Amino acid sequence: MLRSLGQLFKEKPAPRRLASVPAGERYYVIGDVHGRLDLFEALIEAVEADDAAAATAQSTVVLLGDLIDRGPNSSGVIDRARAWTKTRTVRFIAGNHEEMFLESFEDKEMLRHFIKHGGRETILSYGIKRKRYNELTIKELQGELAELVPAKHRKFLGGFEDMVIAGDYVFVHAGINPKRPVEDQKQSDLRWIRERFLKHTEPFSHVVVHGHTIFDTVETTDHRIGIDTGAFRSGRLTALVLEGTTRRTIQAVETDGAIAIDKTELA
């Protein structure tokens, strides 16, 4: 009897560790916007209202990258993101789409790759006529791009960070290489990794909050939280709100042309 009780207590799992952000701080972490200015503006308004109604805290907004491509108004998203920094602490993480865009100004093959993955919509958002766009060779388009895109936009995108750490969380675009410590990650993995990261089932040193891979709903596991809900095609843009050990979401959701705000508490 005593032996079986001993085995029972020995096999009892350790209590689940609750990740937290530093005391007195609140984080609004926003997934991939991908040119959906309408959803972005609605979510900004919702975040501002939420923060104003909540207890006093040091609030920081973190965008997980891929502000551009696929959706219809990437240039407008960049302008709005820059404007938000005038009134709010906002930090930006570089996504693979920002990387492709910036490299396209110097590398024609990267420009071809960029166009195939949603870059066409970004270029058109800078005001070039569709007929003119279709007439240009890649070399001509690259030259036109340098004229179309304001230098302030390129400088802004070029200043994005690779990761942000807040307490027990790390915010990145795509994920991390499970075989390397957080402080020793390759930039390429932070922006492009997928299966090696998503299939990893063991805990990391931090809970990883990431975008890059689209999920129908926010995907939460013990060691990562995926918040790219496919705004450009689903009409759902997500902000994850972290405060203490609590987690909740604010989402701007488009249905039949109307945008509503949905708030959910996460376990």
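In strand E2, Val61 is the bridge partner of Tyr28. This pair belongs to a predicted model. Strand E1 covers residues 25-30, and strand E2 covers residues 58-63. The two run parallel and are joined by six bridges.

E1 and E2 are part of an open sheet of six strands. The strand order is E3-E2-E1-E9-E10-E11, and the pairing is mixed. Strand E3 (90-92) and strand E11 (258-266) form the edges. Each has a single partner strand, so one side of each lacks a neighbour in the sheet. On average, neighbouring strands of this sheet are turned by 20° against each other, direction ignored. Strands of a sheet pair through backbone hydrogen bonds, in either the parallel or the antiparallel sense.

Strand E10 (residues 246-255) of this sheet holds Thr249. Thr249 is buried, with a relative accessible area of 4%. Residues up to four places away in sequence aside, the contacts of Thr249 are Val218, Thr238, Ala239, Leu240, Asp262, Lys263, Thr264 and Leu266.

His34 lies in the loop between E1 and helix H2 (37-53). His34 is not a glycine, yet its phi is positive, at about 50°. The residue is buried, and its relative accessible area is 5%. Asp66 lies in the loop between E2 and helix H3 (74-84). Here too phi is positive, at about 55°, although Asp66 is not a glycine. Asp66 is buried, with a relative accessible area of 2%.

A further open sheet has five strands, in the order E4-E5-E6-E8-E7. Its pairing is mixed. Strand E4 (164-166) and strand E7 (219-220) stand at the edges. Each pairs with a single strand, so one side of each has no neighbour in the sheet. E4 and E5 are antiparallel and share three bridges. Within this pair, Ala166 stands opposite Tyr169 in E5.

Strand E5 (residues 169-171) also pairs with E6, in parallel and over three bridges. Val170 faces Val208 in E6 across this pairing. E6 in turn runs parallel to strand E8 (residues 224-228), with four bridges between them. Val208 stands opposite Arg224 in E8. Strand E6 (residues 207-214) is mostly covered, with seven of its eight residues buried. In a regular strand the side chains alternate between the two faces of the sheet.

Helix H4 (residues 96-104) is mostly covered, and seven of its nine residues are buried. These are Asn96, His97, Glu98, Glu99, Met100, Phe101 and Ser104. Their cover includes H5, H7, helix H8 (151-158), helix H9 (187-192) and E6.

Two of the covering helices also pack on each other. The axes of helix H5 (residues 108-124) and helix H7 (residues 138-148) come within 11 Å and cross at roughly 60°. H5 and H7 are therefore oblique to each other. Their crossing is left-handed. On the H5 side, the contact involves Lys108, Leu111, Arg112, Ile115 and Ile123. On the H7 side, it involves Ile138, Lys139, Leu141, Gln142, Leu145 and Leu148. By class, the contact has seven nonpolar, one polar and three charged residues. An α-helix has 3.6 residues a turn, so residues three or four places apart point the same way.

The axes of H3 and H8 come within 11 Å and cross at roughly 70°. That makes H3 roughly perpendicular to H8. H3 passes H8 in a left-handed crossing. H3 contributes Ser75, Ile78, Asp79, Ala81 and Arg82 to the contact. H8 contributes Lys152, His153, Phe156 and Leu157. By class, this contact has four nonpolar, two polar and three charged residues.

How values were computed
Residues numbered from 1 in each chain as written. Predicted model: local features only at pLDDT ≥ 70, side-chain atom pairs only at ≥ 80, totals over all residues. Heavy atoms only, no water. Pairing = 2+ DSSP bridges. Axes fitted to C-alpha atoms, helices over the stretch in contact; angles between N-to-C directions. Buried < 20%, exposed > 50% of the residue type's maximum accessible area, 1.4 Å probe, protein only. Parallel < 35°, antiparallel > 145°, perpendicular 65-115°, else oblique. Left-handed = near helix turned anticlockwise from the far one by under 90°. Contact = heavy atoms within 4.5 Å. Nonpolar A, V, L, I, M, F, W, Y, C, P; charged D, E, K, R; others polar.
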